[in-house]
Amino acid sequence: MKRKRSHNLNNLLLFLVIALFVPLIFGSNQYNILLITTVLIYGVMATSWNIIGGLAGQLDLASFAYLGLGAFTSSTLFIRFNLTPWIGMILGGLVAVAFALFIGFPLFRFRIRGVWYALTTTALVEVLKVVFNMWEEVGGPVERYLPYFSGSIKYMRFGSYIPYYYLILGMLVIALLVNSRIAHSKLGFYLKALGEDETAAEVLGVNARACKLRALVYYAFLIGVTGAIYSNIYGYVHPSFFNGPESIKVAILGIVGGRGITYGPLLAALLLVGAQEFLRASLGGEVSGLYLVIYSVILILVVLFKPRGIATFFQDRNKKPAKQEVKKKNVV
Amino acid sequence: MEQGKEISLNMEIMIQSLFDGALMGCIYALIALGLSLIFGVMNVVNFAHGNFVMLSMYFSFWAGSIWGVDAVLTPFITFPILFIFGMLVYYGMIDRTLKEHYTIQIAVTVGLMTFLGAITQLAWKAQPRALPYSFIQGNIQFGGYTIALSRLTSAIISLIVIVSIAFFLSKTWPGRAIRATSDDSDAASLMGVDFRKTYALAFGLGSSLTAISGGLLMTFQQVEPTMGLRFGLLSWCILALAGLGSISGLLISGLIIGIGESLAMTFWDPRARSLVIYLIFILVLWLRPKGLFGRKE
């Protein structure tokens, strides 16, 4: 156990060292930095998703709901009250948490799980999108631009994408640390037990509702804070931030990366979203939709031939992962 | 006096809206029936179902614009295509993931959903497509109300198809095999039902039902690559409302969703149409997890 953790830590450090130097290599082209930042944002979201989706086994498809709430909270406070996004992003995280609790209480109270949990959360993203479209004071159908102070560190308005890149990288490190701390804590073991078989775990005395709520809170907070940074990167907020298909994509990254493996979702985000953004940048102009065809074929092939996740490519070859028998009937 | 007039006008608008919603609801029920077959029989969560509808609509558009087939008649061409397509999807993807965790099945169907969305965008570009007027165009008037003939015909055809599927499931041998497998696949295979063939049949039938609804929708609607997810979620809502194993429940739920959508568009805000559906969906899940008409387990 000890050795495996240090091995993972080495990989993480190697990744960080490479990531730190990325702007030095691509720094001359702001567009490339933005693309890489986008890939990292998916990395943060998929890593955070791993807490609720990978460890706790709840197929949450509402990640962009929390992202949008964080973005709208911080931006509205910035536009209306000139509150700096540095404080706004914490408040954005808290609003996302409040919403998560508001939704999570009844969801877990009424024992909605499996597909129905997934579909409820998808529906929530769409509901929020419509609500913010109709709520003219905060959202409305027109983009709301953030005030622009060139190079103002105090208001998180940088003249370049590089500082945002480092901010997102920081969020990624935090998300990874939270993930691995939870995975090795008591909560983590409870969550894993729940993810395998909820009824059995409850019989053994695990408080399913409290555990799942705590996982949801961590997840919502991390993504809410990221959302505040997200709106600052693009410089505006819009109800289209509540994006159903992209929320599904985040969950897919978590699944394809390897459920419950701390760095799996990040790996999937780097490879799949990286490939997608690369294909879009190189093919996008000529044939619209072609990059999505290639991306989805890669996705289907990975799922069919590596159902336990991309991360299992890199896991110890000698150690066969325990075969997981899941009865179909338990699903719904 | 003035107020009384306004109320009667409102009543008229409401009845008109109820009619429109009910007609749409029949088609929604037909779409959800395909999903219900797939989910009820093999417990596979097909996220791509809405995109099957979209694909059928594009095939109908193709048949209509290349060969000049009338939209109502295109299902005769697209039904077998979608049936084969469904079988291929089953043997190529679903069959391989039956034993896996349900998230893997969702991942593979989401991959399929993205693929279908992208390939239609590639083939037909992003702009909406529509067919020229079908021969069932026109309106009938009675009282103060107007009913589009194309919607009325579509709703009637949907009802006929739903009834014949119910007949197929209860009276024919393959239909009974499907129902037996959905009750207990182990017991059914002991009775000599090949459960994989039954699954493939159910998947093919479930997908080919979208061919009929796609052709019907094309008589009065246009198609674009982004509409898949909406149809998918819509049919899941109907399924949640109906519960499994009840075709009449499915029809009533389709009507509820269609009418709810129509009333929301008329009396509240056109943007609120999905809001009402999803709120009904969430409430039903919380209050009646087995659905309004689901059979007891």
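**Helix packing and chain contact in a predicted two-chain model**

In chain A, 77% of the contacts with a separation of 6 or more are between residues 24 or more positions apart. The model is predicted. Chain A holds 12 helices and two strands. Along the sequence, these elements follow the pattern α-α-α-α-α-β-α-α-α-α-β-α-α-α. Of the 332 residues in chain A, 47% are buried.

Two helix pairs of chain A, both involving helix 9, were examined. Helix 3 of chain A and helix 9 of chain A pack with their axes 7 Å apart, at an angle of about 55 degrees. On the helix 3 side, the contact is made by A:Ser63, A:Tyr66, A:Leu67, A:Gly68, A:Leu69, A:Gly70, A:Ala71, A:Ser74 and A:Ser75. These residues meet a set in helix 9 of chain A that includes A:Ala220, A:Ile223, A:Gly224, A:Gly227, A:Ala228 and A:Ser231. By class, the contact of helix 3 with helix 9 has nine nonpolar, nine polar and no charged residues.

Helix 7 (residues 186–196) of chain A also packs on helix 9 (residues 208–234) of chain A. Here the angle is about 110 degrees, and the axes are 10 Å apart. Angles of 65 to 115 degrees count as roughly perpendicular. Helix 7 of chain A and helix 9 of chain A are therefore roughly perpendicular to each other. Helix 7 of chain A passes helix 9 of chain A in a left-handed crossing. A:Leu187, A:Tyr190, A:Leu191 and A:Leu194 are the residues that helix 7 brings to this contact. Their partners in helix 9 of chain A are A:Ala208, A:Cys211, A:Lys212, A:Arg214 and A:Ala215. The contact of helix 7 with helix 9 divides into seven nonpolar, no polar and two charged residues.

A:Val125 lies in helix 5 (residues 114–134) of chain A. This residue counts as buried, with 25 C-beta neighbours inside 10 Å. Leaving aside neighbours within four places in sequence, A:Val125 is in contact with A:Ala62, A:Phe64, A:Ala65, A:Phe242, A:Gly244 and A:Ser247. A:Ile294 is 169 residues from A:Val125 along the chain, and the two C-alpha atoms are separated by 27 Å.

Helix 12 (residues 290–305) of chain A has 16 residues. At 1.5 Å a residue, these should span 22 Å. The end C-alpha atoms are 23 Å apart, which agrees. The buried residues of helix 12 of chain A are A:Tyr291, A:Leu292, A:Val293, A:Tyr295, A:Ser296, A:Leu299, A:Ile300, A:Val302 and A:Val303. Both chains contribute to their cover. From chain A, this cover includes helix 10 (244–257) and helix 11 (264–283). From chain B, it includes helix 3 and helix 4.

The contact between the chains takes 42 residues from chain A and 39 residues from chain B. On the side of chain B that touches chain A, helix 3 (75–97), helix 4 (102–124), helix 9 (228–242) and helix 11 (273–287) each give two or more residues. Helix 4 of chain B supplies the largest share, 15 residues. By class, this side of chain B has 27 nonpolar, eight polar and four charged residues.

The buried residues of helix 5 of chain B are B:Ser150, B:Arg151, B:Ser154, B:Ala155, B:Ile157, B:Ser158 and B:Ile162. Residues three or four places apart in an α-helix point the same way, because there are 3.6 residues a turn.

Two asparagines have positive phi values. A:Asn82 has phi near 55 degrees. This residue lies in the loop between helix 3 (63–81) and helix 4 (85–109) of chain A. A:Asn82 is exposed, with 9 other C-beta atoms within 10 Å. B:Asn43 has a positive phi of about 60 degrees. Its place is in the loop between helix 1 (2–42) and helix 2 (49–66) of chain B. B:Asn43 counts as buried, with 20 C-beta neighbours inside 10 Å.

How values were computed: Residues are numbered from 1 along each chain as its sequence is written. Chains are lettered from A and ligands numbered from 1 in the order in which they are written. This is a predicted model: local features need pLDDT of at least 70, side-chain atom pairs count only at pLDDT 80 or more; totals for chains, interfaces and linings use all residues. Two residues are in contact if their C-beta atoms, placed from the backbone, lie within 7 Å. Helices (H or I, at least four residues) and strands (E, at least two) are DSSP runs, numbered from the N terminus. Ala, Val, Leu, Ile, Met, Phe, Trp, Tyr, Cys and Pro count as nonpolar, Asp, Glu, Lys and Arg as charged, and the others, Gly among them, as polar. Axes are lines fitted to C-alpha atoms, for helices over the stretch in contact, and angles run from 0 to 180 degrees between N-to-C directions. Angles under 35 degrees count as roughly parallel, over 145 as roughly antiparallel, 65 to 115 as roughly perpendicular and the rest as oblique. A crossing is left-handed if the near helix is turned anticlockwise from the far one by less than a right angle, and right-handed if clockwise. A residue is buried if 20 or more other C-beta atoms lie within 10 Å of its own, exposed if 12 or fewer, and partly exposed in between; C-beta atoms are placed from the backbone. The expected span of a helix is 1.5 Å times one less than its number of residues.
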